[in-house]
Amino acid sequence: MASPRVALVTGSNKGIGFAAVRALCKQLDNGVVYLTSRNEERGKEAVAKLNQEGLKPQFHQLDIDDQTSVDRLRDYLKKTYGGLDVLINNAGIAFKAAATESFGTQATVTMATNYTSTVYVCKVLIPLVRPGGRVVNVASMAGNFAFKKLSEENKDRIRAANTEEDVALLMKEFVEIANQGDHLSKGWPNSAYGTTKLGVIAATKALAQKKQNENPKDDILIMACCPGYVDTDMSSHKGPKTPDEGADTPVYLAMLPPGSAGFNGNMYSDRALDNSW
């Protein structure tokens with residue numbers, strides 16, 4: 001008997017991730033959808049809420065900042081299903097506007113989760129993704145705004161980053177310069193969050209190209225998207241979109257049918273191409 005299609009959303013006990021799990025449960029016929037969260041109790045409470053709606057997601061603990069947790073999830077998926085079909089990398093953090101931490105600290109902490117940990121999840125789980133699989137990295141318009149604030153030299157360096165390792169070196173440089181306090185004079189933006197999401201968009205392009213080069217016939221697509229400004233804890237509930245509306249584009253990309261190769265490596269907002277680089 002063939003394995004069911006398996007979908008997983010990181011950081012999905014609330015907000016956009018929770019809404020994405022809800023939508024996938026409704027759209028993934030004969031599939032298994034995993035809701036994940038750092039905290040097991042909160043994750044299981046979220047599953048119970050969806051159970052009350054007649055939906056039946058599964059739960060697995062996942063802290064993307066803990067590589068052992070990521071590796072444990074990989075091993076579980078491999079042993080239980082032999083692979084993965086849909087991965088939505090939604091987990092991320094943002095400091096509030098009123099945060100008192102230094103810009104350098106904010107850059108260090110935000111980059112560690114939003115870029116380094118997200119890319120680690122990609123590197124560990126993408127090898128499990130079966131032909132026809134979809135990987136969606138939730139980025140942000142803030143990444144595009146950050147790109148526009150780069151010096152022309154740094155824009156060229158980002159555009160020239162052909163591998164994830166190239167992007168990682170640029171992100172490391174930003175954090176180091178941010179901690180020295182001269183990121184503006186060195187041509188970097190004044191948004192730690194935006195720069196991390198800029199990195200995610202650039203890494204998505206690189207990872208997508210790498211996967212395409214390895215085996216173009218596998219029809220595995222790796223894409224980035226902006227969910228929009230959503231009413232969640234992260235936005236202090238200021239966004240006009242509901243979480244279900246915010247989950248629309250990530251889930252749309254995750255469910256793309258065969259023959260959608262043109263989507264690979266690109267950035268999307270409101271289901272539309274948004275490559276502003």
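Helices and strands are DSSP runs, a helix having at least four residues and a strand at least two, and they are numbered from the N terminus. The model shown in the views below is predicted.

**View 1. Leu128 in the loop between α4 and β5.** Leu128 lies in the loop that joins α4 (103-125) to β5 (129-138). Its relative accessible area is 9%, and because buried means under 20%, Leu128 counts as buried. Leaving aside residues up to four places away in sequence, Leu128 is in contact with Arg74, Leu77, Lys78, Gly83 and Leu84. Ile222 is 94 residues from Leu128 along the chain, and their C-alpha atoms are 13 Å apart.

View 2. β2 is largely enclosed by the rest of the structure, since 6 of its 7 residues are buried. β1 and β2 run parallel and are joined by 5 bridges; Val9 stands opposite Leu35 of β2. The path from β1 through α1 to β2 is a right-handed β-α-β crossover. β2 is also parallel to β3 (residues 58-61), with 4 bridges between them, and Tyr34 has Gln58 in β3 as its bridge partner. A right-handed β-α-β unit is formed by β2, α2 and β3.

**View 3. Surroundings of Leu35.** Not counting residues up to four places away in sequence, Leu35 touches Val9, Ser12, Asn13, Phe18, Val21, Gly43, Ala46, Val47, Leu50, Gln58, Phe59 and His60.

View 4. In soluble globular proteins, nonpolar side chains tend to be buried together. The largest nonpolar core in this model has 34 residues, and those with the most contacts inside it are Leu24, Leu35, Ile88 and Leu253. At least two residues of this core come from each of β1 (5-9), α1 (15-27), β2 (31-37), α2 (40-52), β4 (84-89), β5, β6 (221-226) and α10 (248-254). The largest share, 8 residues, is supplied by α1. A second, separate core has 27 residues, among them Val175, Ala178, Ala202 and Ala224.

**View 5. Helix α8 and its start.** α8 (residues 192-214) consists of 23 residues. From the first C-alpha to the last, α8 spans 33 Å, close to the 33 Å expected at 1.5 Å a residue. At the start of α8, a side-chain oxygen of Ser191 comes to within 2.8 Å of the backbone nitrogen of Gly194.

Conventions:
Residues numbered from 1 in each chain as written. Predicted model: local features only at pLDDT ≥ 70, side-chain atom pairs only at ≥ 80, totals over all residues. Heavy atoms only, no water. Expected span 1.5 Å × (residues − 1). Polar contact = N/O pair within 3.5 Å; in protein donor to acceptor, adjacent residues only side chain to side chain. Buried < 20%, exposed > 50% of the residue type's maximum accessible area, 1.4 Å probe, protein only. Contact = heavy atoms within 4.5 Å. Core = buried A, V, L, I, M, F, W, Y, C linked by side-chain atoms within 4.5 Å. Pairing = 2+ DSSP bridges. Right-handed = clockwise from strand over helix to strand, strands pointing away.
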